[in-house]
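Me: I am new to this one and would like to go through it step by step. Could we take it a piece at a time?

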Amino acid sequence: MRQDDKQYRRGLILGLTVAEVMILLIFVVLMALAAALQTREQTIDALDKGGASRLVEQLQRSYPQAKTHDEYFKELVRAIEVRRQAEAEGPDAVRQSILDDAAIGRDVRQAAERDGVANPREYARNLAANANRSRRGEWPPFVSLSEAGGYYFDSGKATLRPEFERNLSAKVVPMLARNLVDYDVDVIEVIGHTDEVPMVGQSNLDAVLVAASAGHFPIAELRSTDNAGLAMARAVAVVRVLRSDPRLARAAILPLSGAQMIVPVDRMADGSARASDQRRRRIEIRLRRSTVEAASPGGIR
């Protein structure tokens with residue numbers, strides 16, 4: 001009987017211990033939730049007590065050239081992106097960046113003294129503002145991704161090779177994201193081009209091209225019987241990659257076809273070429289500002 005009592009007590013103690021552990025775990029979770037809610041409430045309270053106004057004042061002092069809420073937001077996003085990039089690259093890169101900034105600061109001070117400006121900080125701000133205005137007044141650069149540069153498609157197909165897709169994400173997208181802000185544009189046009197080698201076969205583009213552009217039909221199964229369709233299918237393949245990248249979320253990304261009609265650079269084809277030509281099998285990416293449709297009764301529709 002004593003042995004049974006010992007086993008009973010041992011089981012009872014073990015049962016209570018497990019229950020206590022569960023209660024402690026629940027308590028810890030509740031404490032963490034309470035701390036998170038308290039932090040959120042403190043943040044809101046700080047903003048209500050003047051934190052928001054101080055943020056706005058700091059933005060206005062840091063970016064005096066900005067005139068609208070949208071411009072302030074763009075500058076803030078760029079600053080956050082620079083900080084994230086510096087943190088991701090590690091302390092050595094940050095230290096080098098500081099050294100580079102110091103060298104730039106020395107150059108700015110010397111330039112300000114040479115030009116007779118007493119305040120180097122104001123001098124630097126004016127330079128930045130003038131440079132920003134000049135970029136926004138210029139045409140954005142266009143990008144040509146050709147087979148000669150390593151951006152290959154399989155013959156007669158629109159499928160992106162793995163290296164092509166990696167380069168889009170690692171090289172092309174960051175450049176486009178910067179240019180969207182620098183040139184104050186919001187439309188990306190992706191234009192497919194081919195050479196003049198004739199094609200044969202059966203096309204399914206009329207039936208599935210729109211679905212493919214939205215990610216509902218495999219790019220590898222697109223079929224074209226002419227160069228105009230092939231160029232469009234390849235543009236759609238690139239558009240799908242760009243649209244899926246959150247860094248370009250603010251832009252409208254449009255596929256277009258130049259077919260075999262345009263020879264690099266900006267010359268009309270004369271129809272005489274029949275040989276394979278790597279230079280002409282390319283994707284061009286152009287940036288522009290969105291247009292506003294004019295609702296005129298007698299206009300062209």
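Me: Is P246 buried or exposed?
Reply: This is a predicted model. In it, P246 counts as exposed, because its relative accessibility is 69% and exposed means over 50%.

Me: Where does P246 lie?
Reply: P246 lies in the loop between α7 and β3.

Me: Let me step back. How many helices and strands does the chain have?
Reply: The chain has seven helices and six strands. Along the sequence they follow the pattern α-α-α-α-β-α-β-α-α-β-β-β-β.

Me: What share of the residues counts as buried?
Reply: Of the 301 residues of the chain, 28% count as buried. As for contacts, among those between residues at least 6 apart in sequence, 70% join residues at least 24 apart.

Me: Now the sheet. In which order do its strands come?
Reply: Four strands form an open sheet, in the order β1-β6-β2-β3, and the pairing is mixed. The edges are β1 (143-146) and β3 (252-259); each has a single partner strand, so one side of each is left without a neighbour in the sheet. On average, neighbouring strands of this sheet are turned by 20 degrees against each other, direction ignored.

Me: What holds strands of a sheet together, in general?
Reply: Strands of a sheet pair through backbone hydrogen bonds, in either a parallel or an antiparallel way.

Me: In which sense do β1 and β6 pair?
Reply: β1 and β6 (residues 282-288) pair in the antiparallel sense, over four bridges.

Me: Which strands does α5 touch?
Reply: α5 packs on the sheet and touches β1, β2 (187-193) and β6. The direction of α5 makes about 20 degrees with that of β6.

Me: And which strands does α7 touch?
Reply: α7 also packs on the sheet, where it touches β2, β3 and β6. The direction of α7 makes about 160 degrees with that of β3.

Me: At what angle do α5 and α7 pack?
Reply: Helix α5 (residues 162-182) and helix α7 (residues 227-243) pack at about 60 degrees, and their axes are 10 Å apart. That angle makes α5 oblique to α7. The crossing of the two helices is right-handed.

Me: Which residues meet there?
Reply: From α5 there are F164, E165, L168, S169, V173 and L176, which meet V238, V241 and L242 in α7. Sorted by class, this contact has seven nonpolar residues, one polar and one charged.

Me: How do the axes of α6 and α7 lie?
Reply: The axes of α6 (residues 205-213) and α7 come within 9 Å and cross at roughly 20 degrees. That makes α6 roughly parallel to α7, because angles under 35 degrees count as such. The crossing of α6 with α7 is left-handed.

Me: Which residues are in that contact?
Reply: L205, L209, A212 and S213 in α6 meet G229, M232, A233, V236, R240 and R243 in α7. By class, the contact of α6 with α7 has six nonpolar, two polar and two charged residues.

Me: Staying with α6, is A207 buried or exposed?
Reply: A207, which lies in helix α6, is exposed, with a relative accessible area of 69%. A207 and L222 are 15 residues apart in sequence, and 9.9 Å apart in space from C-alpha to C-alpha.

Me: A change of topic: what is phi at D184?
Reply: Phi of D184 is near 55 degrees, a positive value in a residue other than glycine. D184 is found in the loop between α5 and β2, and is partly exposed, with a relative accessible area of 22%.

Me: What about phi at A259?
Reply: A259 has a positive phi of about 50 degrees, although it is not a glycine. This residue is found in strand β3.

Me: Is A259 buried or exposed?
Reply: A259 counts as buried, because its relative accessibility is 7% and buried means under 20%.

Conventions
Residues numbered from 1 in each chain as written. Predicted model: local features only at pLDDT ≥ 70, side-chain atom pairs only at ≥ 80, totals over all residues. Heavy atoms only, no water. Axes fitted to C-alpha atoms, helices over the stretch in contact; angles between N-to-C directions. Parallel < 35°, antiparallel > 145°, perpendicular 65-115°, else oblique. Left-handed = near helix turned anticlockwise from the far one by under 90°. Contact = heavy atoms within 4.5 Å. Nonpolar A, V, L, I, M, F, W, Y, C, P; charged D, E, K, R; others polar. Pairing = 2+ DSSP bridges. Buried < 20%, exposed > 50% of the residue type's maximum accessible area, 1.4 Å probe, protein only.
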